[in-house]
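Please work through the exercises below with the sequence and the model side by side, and try each task before reading its solution.

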Amino acid sequence: VVFDDASDFPARNYLGVFQNIHVLCSEKNVGPAVGRNRLLEFAKTPYIHFHDADDWFFPAWWGRTQKGLQNQDAVFCEVSSYAGNELLSERVVGLTDLSSERDLVRFCLSHSMLVPCGTYLAEKIRQMGVYNEKLWQSEDIDFHVRLAAQGLRYEIIQDALVGIQIRQESRSRDFLATRLSLLQSLKTLPGVLSSHYYADLSERLVETGSQLFKLKAREEAREAFQLALSLADPHYHKSGRFYK
């Protein structure tokens, strides 16, 4: 199922001879969170996987994923990033940290779960929560933190089974927009997470505040720091000694 978000390059023009493909078209650009929720509503399959148009599967993806989904709500695999044909990073997500810690909430607060790394039991996702449609960016971080907070059962595949293309013109390269959207999400999480995770949330807030400050979004940076300090005493783990 393809969601065409009012593209200037209609998806139907690129599907060629492929059969049994449904195209859902939006009359206006609504963003990825809305698009993924529409796909989830439409899907009739037991499993769902969200996949951007410029990403691709490695040959072993479905065989490995299908095996991992037995008795689990989700499977997460590693992702490799490319610029053209050049490999930038073999393992973008950093799932080795998750395998050693096994705390999905803490991992999702400190890392970024990318769209194509996850495959989910569709009914479980419908029950536990869909994408926050108020977020234009950073919707995947918000989505995964909320799922993790509800006790999502998962399996990890340490090998990269998906490739993504890094493009300078992509929406994710707009660092100010992504950080502002991330702050918008982080501000809602104290009402979602137990106080057990406030220190981790505080660290992500000060990291985001530092990035916003450097991007000259001073008011929003101040808001991030103040919320962080109200939750816990941050240690600025990702900052240098002079900055601390």
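The model is predicted, so local features need pLDDT of at least 70 and side-chain atom pairs count only at pLDDT 80 or more, while totals for chains, interfaces and linings use all residues. Residues are numbered from 1 along each chain as its sequence is written, and side-chain values use heavy atoms, with hydrogens and water left out.

**Exercise 1.** Determine where Asp5 is placed, and find which backbone nitrogen lies 2.8 Å from a polar atom of its side chain.

Solution. Begin with the location: Asp5 sits in the loop between strand 1 (2–4) and strand 2 (23–25), where strands are DSSP runs of E of at least two residues and helices are runs of H or I of at least four, both numbered from the N terminus. Next, take the accessibility: Asp5 counts as buried because its relative accessibility is 17% (buried means under 20% relative accessible area, exposed over 50%, partly exposed in between, with a 1.4 Å probe and protein chains only). Finally, look at the side chain, from which a polar atom lies 2.8 Å from the backbone nitrogen of Val30 and a polar atom lies 2.9 Å from the backbone nitrogen of Gly31.

**Exercise 2.** Decide whether His144 is buried or exposed, and identify the backbone oxygen that its side chain reaches.

Solution. First, locate His144 in helix 6, which spans residues 139–149. With a relative accessible area of 2%, His144 is buried. Its side chain reaches the backbone oxygen of Asp140 at 2.8 Å. Leaving aside residues up to four places away in sequence, His144 touches Phe76, Cys108, Met113, Leu114 and Tyr120 (contact means heavy atoms within 4.5 Å).

**Exercise 3.** Work out how helix 8 and helix 9 are oriented to each other, and then describe the surroundings of Leu212.

Solution. Start from the axes of helix 8 (residues 198–214) and helix 9 (residues 218–231), which come within 8 Å and cross at roughly 160°. Helix 8 is therefore roughly antiparallel to helix 9, since angles over 145 degrees count as roughly antiparallel, under 35 as roughly parallel, 65 to 115 as roughly perpendicular and the rest as oblique. The residues of this contact divide into 12 nonpolar, three polar and two charged. Leu212, found in helix 8, is buried, with a relative accessible area of 0%. Residues up to four places away in sequence not being counted, Leu212 touches Leu176, Arg179, Leu180, Leu183, Ala217, Glu220 and Ala221.

Technical notes. Polar contact = N/O pair within 3.5 Å; in protein donor to acceptor, adjacent residues only side chain to side chain. Axes fitted to C-alpha atoms, helices over the stretch in contact; angles between N-to-C directions. Nonpolar A, V, L, I, M, F, W, Y, C, P; charged D, E, K, R; others polar.
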